[in-house]
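Subject: Structure for your review, with notes

Dear colleague,

I am passing on the structure we spoke of, and below it I set out what was found. Please read the notes with the coordinates open beside them.

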Amino acid sequence: MTGQPGGRGLEEFGWPGWLPGRRRPDRDHRALAEELADARDSPDGEARAAELERIAARADATADDRSALDARLALIETYLLHGQRWRLVEPVRRCLAAVDRRPDLLPPGGRELLSRYQRYAVEALLGSSRVGLDQARALLDDLAAGGAPVVAELRCRIADHLGDEPAARSWYDRWAAAAPDPADGCPECARVRRAELLAGWGDWRAALDELADAGRADCTEGPERGLAATMLPWLRAGEPERAAAAHVRAYRRHRRERAAFPYLAAHLRFCALAGHPGRGLDILAERLPRLDHADDELSAMEFAAAGALVCAVATDAGLGGRTVHRPASGSRPAADLDVGALGAALLDLATGLAGSFDARNGTGHQSGRIASWLAERTQAEQALVSPVPWPADRTGDDGPPADTPADDLPDVEPVPLSLALITAALDRRGDRYVVDAADTVVGRWGEALIQVRRAGERGEILHVRTVASRRLPASRRAEAYAFCNSWNQDRLLPTAYVHDSGAELVLAGDVSTDLSHGVAPVQLDVLLAAAVRTGSAYADSVAALP
């Protein structure tokens, strides 16, 4: 089960979200900090976001700047959890205003965290038409005033999104010439973004040169993201076998990861242009349920446009009689659509989303880009005559490639426990999470909110805490204690206990592992997998209580 971010950070007692032994007064009279703690531990969803907004507004009314900032930072984490970056602009703007008035509100490292959120808010312009141009530009100007090196990249990508290629190329040169800065994020991912821009401009060889030696071991999305970016350039540059090898290897990972949805459009386009519309239909049928839950409008638009191209080419190849199940969503009922009907529905969705972007942008660039993809149908028809051959190891499509280099395998040598080591292990699992200002990794797995942090004087103890989503009324205290005693008697992990907040009972569990002699990445994988699995089982058992 994929983890999702959420939950509270470290509290005053040093334990994430745990106020042991403290009874809370009635809701209307208790401290805002305690209300915020409860909101962070509440189930993910709109109710949690609404409660955080209420707390932030109440803090504003009482001039409690610290609680207002904390509530909005938690609100930003909640929006990031659900892929709602378009909602970041206002809370980020309010956080920046609060910090300008009172710089003392931010803890050490808080400025870097807020700058990262500010970047996410600006980037939201690219993913959703619901973000205003003026709003994003104001945040970007603020970043520029602070001397953030990422400004050239953001201005380049925004200009490209608007269809101003000369301006985009000008900013691209400044971005490429700048020295990498850790605050900008992964430099390997930045190279992929540059290659994607070059490919969009038709500079196939330049895109391939940008990724010539890609594949850093510490990039959590590589090398598969880089391979997805090279598929079409290799195909255009006359090396189709390399394009096919890149597709097969990258899709092994991307088919399993929810966060890989934005890369699927490239895989679909490759299948259409390489003469394999049948494979494209298989991918489309497998990943179509994700379309209704895409994290942003841009990835939905591109997936739909690429899917429409696949359907058109499949019809030309005589596959129009195949049916694909499209699940229900909202008021739309589930249906089994033939290829032609599915293609028409996807085209309608893609053009509608492109029109929304263009209406906001005041240009026709996104509609033109989608039209250019669909115009590739003629080239795809030619590929049907002589499809690109698959690589020899394609039979291992569901697992790692047989020729995976030893350097790509996890290291077995013990190293000191670190935050990077923890997040890399979760990235290998494909989990989603956030890291709060106190370096606590927080995610949600089904009914379990799980927090991972380093404890001990040297950060040598791996501490994993599980909080069950379901709460019990205080009147069931004896039953809750009996449940935890039974769990601890029958199960090794996690150690279960009851936290009495006064009005309700929170059932939680802990797992602590002393790693003072270091831990190998493969060992950490096992430890985290066990903690997540047993924590989820614990929370599921709580949810199943009568």
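A residue is called buried here if its relative accessible area is under 20%. With that cut-off in hand, helix α3 (residues 65-81) can be described: 15 of its 17 residues are buried, so the helix is largely enclosed by the rest of the structure. Please keep in mind throughout that this is a predicted model.

From its first C-alpha to its last, α3 reaches 24 Å, which is close to the 24 Å expected at 1.5 Å a residue. The helix is followed by glycine 83, whose phi is positive, near 65°. Isoleucine 55 itself belongs to helix α2 (residues 46-61) and is buried, with a relative accessible area of 0%. Leaving aside residues up to four places away in sequence, isoleucine 55 touches Leu32, Glu35, Leu36, Ala39 and Ala71.

As for the chain as a whole, the protein has 21 helices and eight strands, and 52% of its 546 residues count as buried. Among contacts in the protein chain with a separation of 6 or more, 66% are between residues 24 or more positions apart. The accessible surface of the protein chain comes to about 23600 Å², and 53% of this belongs to carbon and sulfur atoms.

The largest nonpolar core has 54 residues, of which Phe270, Leu284, Leu288, Phe303, Leu342 and Leu346 touch the most other members. Two or more residues each are given to this core by α11 (224-236), α12 (240-254), α13 (264-273), α14 (277-291), α15 (297-316), α16 (339-361) and α17 (365-374), and the largest share, 13 residues, comes from α15. Apart from this core lies another, of 46 residues, among them Leu52, Ala74, Val89 and Leu140.

The aromatic residues deserve a separate paragraph. The structure holds eight aromatic pairs, and one of them is formed by tyrosine 172 and tryptophan 201, whose ring centres are 5.8 Å apart and whose planes meet at 75°, so the pair is edge-to-face. This pair links distant parts of the chain, since tyrosine 172 is in helix α8 (residues 165-177) while tryptophan 201 is in the loop between α9 (187-200) and α10 (204-210), 29 residues apart. Both partners are on the buried side of the cut-off: tyrosine 172 has a relative accessible area of 9%, and tryptophan 201 has a relative accessibility of 13%. Ring pairs also link Tyr172, Trp175 and Trp201 into a cluster.

Arginine 174 lies over tryptophan 171, at 4.0 Å from the ring centre, and arginine 269 lies over tryptophan 373, at 4.1 Å from the ring centre.

With best regards

Technical notes:
Residues numbered from 1 in each chain as written. Predicted model: local features only at pLDDT ≥ 70, side-chain atom pairs only at ≥ 80, totals over all residues. Heavy atoms only, no water. Phe/Tyr/Trp six-rings, centres within 6.5 Å; stacked < 30°, edge-to-face > 60°. Helix = DSSP H or I, 4+ residues; strand = E, 2+ residues; numbered from the N terminus. Buried < 20%, exposed > 50% of the residue type's maximum accessible area, 1.4 Å probe, protein only. Lys NZ or Arg CZ within 6 Å of the ring centre and 35° of its normal. Core = buried A, V, L, I, M, F, W, Y, C linked by side-chain atoms within 4.5 Å. Contact = heavy atoms within 4.5 Å. Areas by Shrake-Rupley, 256 points an atom, 1.4 Å probe, with all protein chains shown as cover. Expected span 1.5 Å × (residues − 1).
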